[in-house]
Amino acid sequence: QVQLVEPGGGLVQVGGSLRLSCAASGGTFSTFAMAWFRQAPGKEREFVAAISGNGPSIGYAAFAKGRINVSRDNAKNTVYLQMNSLKPEDTAVYYCAAARFSRTSRYSAQSYEYDVWGQGTQVTVSS
């Protein structure tokens, strides 16, 4: 069973940048679609970005387009979330998640389709 660990996160000022990483172990990383979700206090968990196992398919939430970039390095078993021009509303706990689909070109924006989750990492954007 694959396990996900998310180091990083932290406090950043408005307009700043932050890169989150999520390291996987215990599985064939390239066969997993990877996604990032976030949950702010008092709000439901929401989709941020996802990338298919073999990389060519990527999707973003509307709020993420142009500011946030998801990528993966299958040789390092790691997925990244580069966040730029951060806003206070980006403050949340960020989770990475993994799922294996029938096609490695597929990803999903639906949290219920992901069955492996990281522990989450806090991102706080201060004004």
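Reader: What is the relative accessibility of Trp117, and as what does this residue count?
Author: The model is a predicted one, in which local features need pLDDT of at least 70 and side-chain atom pairs count only at pLDDT 80 or more, whereas totals for chains, interfaces and linings use all residues. Residues are numbered from 1 along each chain as its sequence is written, and side-chain values use heavy atoms, with hydrogens and water left out. A residue is called buried under 20% relative accessible area, exposed over 50% and partly exposed in between, with a 1.4 Å probe and protein chains only. Trp117 has a relative accessibility of 27%, so it counts as partly exposed.

Reader: Which residue has its charged end over the ring of Trp117?
Author: A charge sits over a ring when NZ of Lys or CZ of Arg is within 6 Å of the ring centre and within 35 degrees of the ring normal. Such an arrangement is found at Phe29, where the charged end of Arg72 lies 4.3 Å from the ring centre. Over the ring of Trp117, at 4.7 Å from its centre, sits the charged end of Arg45.

Reader: How are the rings of Phe37 and Phe47 arranged?
Author: Rings of Phe, Tyr and Trp (its six-membered ring) pair if their centres lie within 6.5 Å, and planes under 30 degrees apart count as stacked, over 60 as edge-to-face and the rest as tilted. Five aromatic pairs are present in the structure. For Phe37 and Phe47 the centres are 5.7 Å apart and the planes stand at 65°, so the arrangement is edge-to-face.

Reader: Which strands hold Phe37 and Phe47, and is Phe47 buried or exposed?
Author: Helices (H or I, at least four residues) and strands (E, at least two) are DSSP runs, numbered from the N terminus. Phe37 belongs to strand β4 (residues 33-39) and Phe47 to strand β5 (residues 46-51), so that the pair links distant parts of the chain, 10 residues apart. Phe37, with a relative accessibility of 1%, counts as buried. With a relative accessible area of 13%, Phe47 is buried.

Reader: How far apart in sequence are the parts tied together by the pair of Tyr95 and Trp117?
Author: The ring centres of Tyr95 and Trp117 are 6.4 Å apart and the planes stand at 75°, so the pair is edge-to-face. Since Tyr95 lies in strand β9 (residues 92-99) and Trp117 in strand β10 (residues 116-117), the pair ties together parts whose separation in sequence is 22 residues.

Reader: Which residue of the hairpin of β4 and β5 takes a positive phi?
Author: Two strands pair if DSSP finds at least two bridges between them. β4 and β5 meet this with five bridges in the antiparallel sense, and Arg38 stands opposite Glu46 in β5. Six residues lie between the two strands of the hairpin, and the one with a positive phi, near 75°, is Gly42.

Reader: What is the phi of Gly55 in the turn between β5 and β6?
Author: β5 pairs in the antiparallel sense with strand β6 (residues 58-60) over three bridges, and the bridge partner of Ile51 in β6 is Ile58. The two strands form a hairpin with six residues between them, and the positive phi of Gly55 in the turn is about 85°.

Reader: How many of the six residues of β5 are buried?
Author: β5 includes the buried Phe47. The strand is largely enclosed by the rest of the structure, since the number of its six residues that are buried is five.

Reader: By what angle are neighbouring strands of the open sheet turned against each other on average?
Author: This open sheet has four strands, paired antiparallel in the order β1-β3-β8-β7. Its edge strands, each pairing on one side only, are β1 (3-5) and β7 (68-73).

Reader: Which residue of β8 stands opposite Arg19?
Author: β3 and strand β8 (residues 78-83) run antiparallel and are joined by six bridges. In β8, the residue opposite Arg19 is Gln82.

Reader: What is the handedness of the disulfide of Cys22 and Cys96?
Author: A disulfide is a pair of cysteine sulfur atoms within 2.5 Å, and the one joining Cys22 to Cys96 has an S to S distance of 2.0 Å. The torsion about their S-S bond is about 55°, so the disulfide is right-handed.
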